[in-house]
Amino acid sequence: MLKPKPIGLFIDVSEFSILVVRTSGYKLPIVVEKVAELQITDDCCAEDVRAFFKQIVDFKGASYFVSRCGVYPKGRFLRYYEAESSNKVKDPSFLSEVLQSEFNIDPSVNSVSILDARNGSDFDFARGLTKQLVFCGGPSAAFQEVQDQLLSYGIYPERLELSTATTLGGVCDYARFNCMNAPILCVELAAQSAHVFILNGGQVKVTRPMSFGLDSIYPLLQRELGLKDEASARKLFYSNTFDFAEMGPKLLRRLIKELQATAGFYEVQTGLTIDRVFLSVLPQNLSWIAKTVSDSLGVEIMQPNIEGWLESLNVKLADEVEAANLGSRWLGAFSLMGEFHLREEVIG
């Protein structure tokens, strides 16, 4: 039994936390009535999460609450591709071959969306007016896994989106709204992987996956502090009891080296200078990572003014919602509300 939709519920589910935005509905203009966060811990179970949601919405006896959700499935990908000509990309079989030959992605076991890299809209095979594309998606089994997980929480995803892509759309739109004309370096850092993007002019210009993530830090931390094992290092890493500011550059040396290489290559190629970095997903207690990356690269941290941007999307915060408490990681959840490619302004 599904509960009807008198209100809107937008949910961003990562390995770190569940961010929830309750609104007056789904059709713009809307009002944000409440925001809530549940940190994901090792002992967090489905019943705990279901109880969390029941504090936000009234299920009224229904088994599920219909929502719009952004997720980060294992094995997710987002790749930029530029063809030799726009005629070539009109052929689905050619693009399928590109996925396998260029990116080692098998379309038969992955859910794949193809976007127009110029504005993030779904690619139109019939018209094929661009040769710049973004392939995004992930293993079909991984999407099924997160959908089953949401159902176990009592959440029925009316729409299931790849948060990596949704967040990049939000960053592009925010940059345009604030007339940020220089390229932006975006980093999505997870436990076992990292994804690096460069955005400019409302468009994805560079996509680069990395095969290491936060888990690679624990052995370094263990050695630096003489801890007994990596489990102890991981526990300390996520605690609020230790100041990592001084040790940060050493712990993040590998990541920073890769970011410097990616940014440097782009800047040499284009003659443009990256002046901002945006880190998504990471919980508040890991905010030192953004500071360390920013200082090491010599760029500013992009810290969005969420309220002003939301108003431009016809989304208003209720008086009881404190805008000051909404940090950068909330951009992904709020980006679920936007249809950025439908903006009247033309991108690039």
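**Close-up views of a predicted model**

At 47% relative accessibility, lysine 291 counts as partly exposed, and this residue opens the set of close-up views, which are all drawn from a predicted model.

View 1. Side chains of opposite charge can pair when their charged atoms come close. The pair shown here belongs to a structure that holds 13 salt bridges.

**View 2. Glutamate 37 and arginine 329 meet through their side chains in a salt bridge.** The N to O distance in this pair is 2.7 Å. The pair links distant parts of the chain, since glutamate 37 lies in strand β4 (residues 30-39) whereas arginine 329 lies in the loop between β15 (315-317) and α11 (331-335), 292 residues apart. Arginine 329 counts as buried because its relative accessibility is 13%, under the 20% cut-off, while glutamate 37, with a relative accessible area of 29%, is partly exposed.

**View 3. Aspartate 116 and arginine 118 form a salt bridge between their side chains.** Here the N to O distance is 2.8 Å. Aspartate 116 has a relative accessibility of 7% and therefore counts as buried, whereas arginine 118, at 30%, is partly exposed.

**View 4. Phenylalanine 334 sits in the largest nonpolar core, which has 65 residues.** Phe334 is among the residues that touch the most other members of this core, together with Leu9, Ile11, Ile18, Phe53 and Ile155. Helix α4 gives the most to the core, with six residues. When neighbours within four places in sequence are left aside, phenylalanine 334 is in contact with Val21, Val32, Val35, Ile306, Trp309, Leu310 and Leu326. Another core, of 38 residues, lies apart from this one and includes Ala194, Val196, Ile256 and Leu279. In soluble globular proteins, nonpolar side chains tend to be buried together.

**View 5. The largest cavity holds about 60 Å³ of space.** A search of the whole structure finds three cavities of 30 Å³ or more. The lining of the largest cavity is made up of Thr164, Thr167, Leu168, Cys186, Val187, Glu188, Phe197, Phe278 and Ser280, and these residues divide into five nonpolar, three polar and one charged. At least two lining residues come from each of α4 (163-177), β10 (184-189) and β13 (276-280).

**View 6. A cis peptide bond runs from leucine 28 to proline 29.** The omega angle of this bond is near 0 degrees, and proline 29 is located in the loop between β3 (17-23) and β4. Most residues other than glycine have a negative phi, and most peptide bonds are trans.

**View 7. Cysteine 179 and asparagine 314 have positive phi values although neither is a glycine.** Cysteine 179, with phi near 55 degrees, lies in the loop between α4 and β10 and counts as exposed because its relative accessibility is 59%. Asparagine 314, with phi of about 70 degrees, is placed in the loop between α10 (306-312) and β15 and is partly exposed, with a relative accessible area of 46%.

Note on methods:
Residues are numbered from 1 along each chain as its sequence is written. This is a predicted model: local features need pLDDT of at least 70, side-chain atom pairs count only at pLDDT 80 or more; totals for chains, interfaces and linings use all residues. Side-chain values use heavy atoms; hydrogens and water are left out. On a 1 Å grid over the protein atoms alone, a cavity is a set of points where a 1.4 Å probe fits but cannot get out, and a pocket is an open set with protein on both sides within 12 Å along at least five of seven lines; lining residues have an atom within 4 Å of a point. Grid points are joined across faces, edges and corners, and a volume is the space filled by probe spheres set on the points. Helices (H or I, at least four residues) and strands (E, at least two) are DSSP runs, numbered from the N terminus. Ala, Val, Leu, Ile, Met, Phe, Trp, Tyr, Cys and Pro count as nonpolar, Asp, Glu, Lys and Arg as charged, and the others, Gly among them, as polar. A salt bridge is a side-chain nitrogen of Lys or Arg within 4 Å of a carboxyl oxygen of Asp or Glu. Buried means under 20% relative accessible area, exposed over 50%, partly exposed in between (1.4 Å probe, protein chains only). A nonpolar core is a set of buried Ala, Val, Leu, Ile, Met, Phe, Trp, Tyr and Cys residues joined through side-chain atoms within 4.5 Å. Contact means heavy atoms within 4.5 Å.
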